[in-house]
Amino acid sequence: MVVLECLVRRTGLIVSKERIQQAVTSPDHDITPNAVEVHISRLRAKLGTAAIVRSLRGLGYRLEEAKPV
């Protein structure tokens, strides 16, 4: 949920991979940049068509609302 919260707070804006990594990391649990990609992948699967998480190469990720059909 932390990854989703981080993206929702900045809907439509770019959130860097480092920022997400800092949000997920706790004092007793450190994660790698690849783990962020796994979290994003799982989040995309859970969101389905409700929202879109765009990858912006070299910049980070952006949450976008899905367009109504």
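Q: Is Glu-64 buried or exposed?
A: In this predicted model, Glu-64 is buried, with a relative accessible area of 19%. The cut-off for buried is under 20%.

Q: Which element is Glu-64 found in?
A: Glu-64 belongs to strand β3.

Q: And with which side chains does the side chain of Glu-64 make a polar contact?
A: One partner is the side chain of Arg-54, at 3.0 Å. Another is the side chain of Arg-62, at 2.9 Å.

Q: Where does Arg-54 stand?
A: Arg-54 stands opposite Arg-62 in β3.

Q: What does Glu-64 touch, not counting residues up to four places away in sequence?
A: Glu-64 touches Ala-51, Ile-52 and Arg-54 on that count.

Q: In which sense do β2 and β3 pair, parallel or antiparallel?
A: The pairing of β2 and β3 is antiparallel and runs over six bridges. The two strands form a hairpin, with three residues between them. In the turn, Gly-58 has a positive phi of about 80 degrees.

Q: Changing topic to helix α3: how far apart are its end C-alpha atoms?
A: They are 21 Å apart. Helix α3 covers residues 33-47, and at 1.5 Å a residue its 15 residues should span 21 Å, so the two values agree.

Q: Which residues of α3 are buried?
A: Val-36, Ile-40, Leu-43 and Leu-47 are the buried residues of α3. Seen down the helix axis, they fall within an arc of 65 degrees, so they line one face of α3.

Q: What covers those buried residues of α3?
A: The cover includes the helices α1 (2-8) and α2 (17-24), together with β2 (51-56) and β3 (60-65).

Q: Which exposed residues are on the face turned away from the buried side of α3?
A: That face carries Asn-34, Arg-42 and Ala-45.

Q: What follows α3?
A: Gly-48 follows α3, and its phi is positive, near 60 degrees.

Q: On to the largest nonpolar core: which of its residues touch the most other members?
A: The core has 15 residues, and those touching the most other members are Val-3, Leu-7, Ile-20, Ile-40, Val-53 and Tyr-61.

Q: Which elements give two or more residues to this core?
A: They are α1, α2, α3, β2 and β3. Helix α3 gives the most, with four residues.

Q: What is Val-3 in contact with, leaving aside its neighbours within four places in sequence?
A: Val-3 is in contact with Ile-20, Val-24, His-39, Ile-40 and Leu-43. Of these, Ile-40 and Leu-43 are among the buried residues of α3.

Definitions and conventions:
Residues are numbered from 1 along each chain as its sequence is written. This is a predicted model: local features need pLDDT of at least 70, side-chain atom pairs count only at pLDDT 80 or more; totals for chains, interfaces and linings use all residues. Side-chain values use heavy atoms; hydrogens and water are left out. The expected span of a helix is 1.5 Å times one less than its number of residues. Buried means under 20% relative accessible area, exposed over 50%, partly exposed in between (1.4 Å probe, protein chains only). The arc is that of the directions from the helix axis to the C-beta atoms. Contact means heavy atoms within 4.5 Å. Two strands pair if DSSP finds at least two bridges between them. A nonpolar core is a set of buried Ala, Val, Leu, Ile, Met, Phe, Trp, Tyr and Cys residues joined through side-chain atoms within 4.5 Å. A polar contact is a pair of N or O atoms within 3.5 Å; within protein, one must be able to donate a hydrogen and the other to accept it, and residues adjacent in sequence count only if both atoms are side-chain atoms.
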